[in-house]
Amino acid sequence: MTTSSMVEPLPVIGIQPFTKEPIRYIGEDGLPVQALPDAYTPEHLRELHGVMLRAREFDRKLITLLRQGRTTFYAQSSGMEATQVGLAHSVRPGHDWVWPYYRDHTLALALGVPMFELISQVLGSNSDPSRGRQMPHHFAARKQNFVSISSSIANQVPPATGTAMAQKYLGTDEITVCTFGDGATSEGDWHAGMNMAGAMAAPCLFVCENNQWAISTNLRGQTASDNIHIKAKAYGMPGFYVDGNDIVAVMEVCTHAAEWVRAGNGPALVECLTYRVGSHSNADADAEKHYRTREEVQEWLGRDPVVRVEKLLEHLGHPIESQERSNMISAVHREVDEQVIRAEATGQPDWRIMFEDVYSDMPAHLREEAAMLRAEQEGGRK
């Protein structure tokens, strides 16, 4: 074989902070742009693809529930699966702590939160671990150390830093993972939390899921910085820039950053460049008519993280056939339907829960209110 006919080996570019371009392992055409680590066998890639596809179809089914009037709020994560699934596979579920933002249900599924719990919470049924107290899509998961989602932008960042400071004080090998969108970096809470984490060398992995739109404000409208990760320099921590639609790159960078944090080096920031292909939430219909173009959305649909893995598997000689893919989608739809029926069958939470789980000894004024409400309920049944 002549030298000219030999296939050139792929380069090993590695992981460095503060790169000008996002770190990438898989190109948009599905072909590797640098050597894949040995762990990414076709079998492992198929497993990751299955987790992403399950999350994508869960997302679509929840929109159907919303349109049927069976829930009242939902924020899609379609297009962001590689970022959230990749992050979930980079940390230690149930060991590390997660302070999420409100678009992280794919992250929750990938961390092992049961679909039944998520659906119960969205429906506000009696099987909801939060017992119907939170607005829909604002869940928590005790087993996975997944702290309750909140709608307030960036308010999870300071307490995430506090959690990490406590972990350092106690001398554990846990880390705290704090996620947020690009819009959160315009909030004072974000800067306060980042600054304290840097000053105290807190073991916190900050992950910006930069989907490029903070409701109707794009990235250029809220910062003059070239990107988000560069802001890490101001707080004395490394900042990594990764293609958030490349699951291999997300896993490699986030794993590297997580273990760097776990080793006692202080916090790190990872910016995952991705895209929200759906609306901000159901309160933001027809986004393309109001603040972004259909052409922009179509361009990013061409960078679909799920399809990218499918193209890679085809390149590696292990394609996912169309019938196989269709069967996988049907299986997820059946799973969602079954869990919805199961959750709705548990009924609605009883009114008595309003007076539970807050005080170990109920104050006198609450005992009085509970008695009055009980009398009203009993009187209404006569």
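## Starting at K311

Which helix does K311 lie in? K311 lies in helix α10. The model is predicted. K311 has a relative accessible area of 33%, so it counts as partly exposed.

What does K311 touch, leaving aside its neighbours within four places in sequence? K311 is in contact with E28, D29 and G30. E271 is another matter. K311 and E271 are 40 residues apart in sequence. Their C-alpha atoms lie 24 Å apart in space.

## Strand β7

E271 belongs to strand β7. Is this strand enclosed or open? Six of the six residues of β7 are buried, so the strand is largely enclosed by the rest of the structure. Both of its faces are covered. A268, V270 and C272 are buried on one side. L269, E271 and L273 are buried on the other.

Which strands pair with β7? One partner is β3, and the two strands pair in the parallel sense over six bridges. Here F206 stands opposite L269 of β7. Another partner is β6, residues 239-243, which also runs parallel to β7. Five bridges join β6 to β7. V242 has C272 of β7 as its bridge partner. Between β6 and β7 the chain passes through helix α7, residues 247-265. This β-α-β crossover is right-handed.

## Helix α6

Helix α6 covers residues 188-200, which makes 13 residues. From its first C-alpha to its last it reaches 18 Å. That is close to the 18 Å expected at 1.5 Å a residue. Which residues of α6 are buried? They are W190, G193, M194 and A197. Seen down the helix axis, the buried residues of α6 fall within an arc of 95 degrees, so they line one face.

That buried set packs against helix α5 (157-170). It also packs against three strands: β2 (176-181), β3 (204-210) and β7 (268-273). On the other side of α6, G188 and A199 are exposed. A201 follows the helix, and its phi is positive, near 50 degrees.

## Helix α4

How many of the nine residues of α4 are buried? Eight are, so α4 is largely enclosed by the rest of the structure. The buried residues are M115, F116, L118, I119, S120, Q121, V122 and L123. They pack against α1, α3 (105-111) and α11. Just after α4 comes G124, with a positive phi of about 70 degrees.

## Salt bridges across the chain

Side chains of opposite charge can pair when their charged atoms come close. How many salt bridges does the structure hold? It holds 21. Three of them are described here.

Take R24 and D243 to begin with. Their closest N and O atoms are 2.7 Å apart. The pair links distant parts of the chain, 219 residues apart. R24 sits in the segment before α1 (42-67), and D243 sits in strand β6. R24 has 29% relative accessibility, so it counts as partly exposed. D243 has 5% relative accessibility, so it counts as buried. Both residues also belong to a network of salt bridges that links R24, E28, D243, E299, R303 and R308.

## Two more pairs

D304 and R56 meet through their side chains, at 3.1 Å from N to O. The two residues are 248 residues apart. D304 lies in the loop between α9 (294-301) and α10 (305-315). R56 lies in helix α1.

D357 forms a salt bridge with R133, and the closest N and O atoms are 3.4 Å apart. This pair spans 224 residues. D357 lies in the loop between α11 (322-344) and α12 (364-380). R133 lies in the loop between α4 (115-123) and α5. D357 has 57% relative accessibility, so it counts as exposed. R133 is partly exposed, with a relative accessible area of 41%.

Methods: Residues numbered from 1 in each chain as written. Predicted model: local features only at pLDDT ≥ 70, side-chain atom pairs only at ≥ 80, totals over all residues. Heavy atoms only, no water. Helix = DSSP H or I, 4+ residues; strand = E, 2+ residues; numbered from the N terminus. Expected span 1.5 Å × (residues − 1). Buried < 20%, exposed > 50% of the residue type's maximum accessible area, 1.4 Å probe, protein only. Arc of directions from axis to C-beta. Contact = heavy atoms within 4.5 Å. Pairing = 2+ DSSP bridges. Right-handed = clockwise from strand over helix to strand, strands pointing away. Salt bridge = Lys/Arg side-chain N within 4 Å of Asp/Glu carboxyl O.
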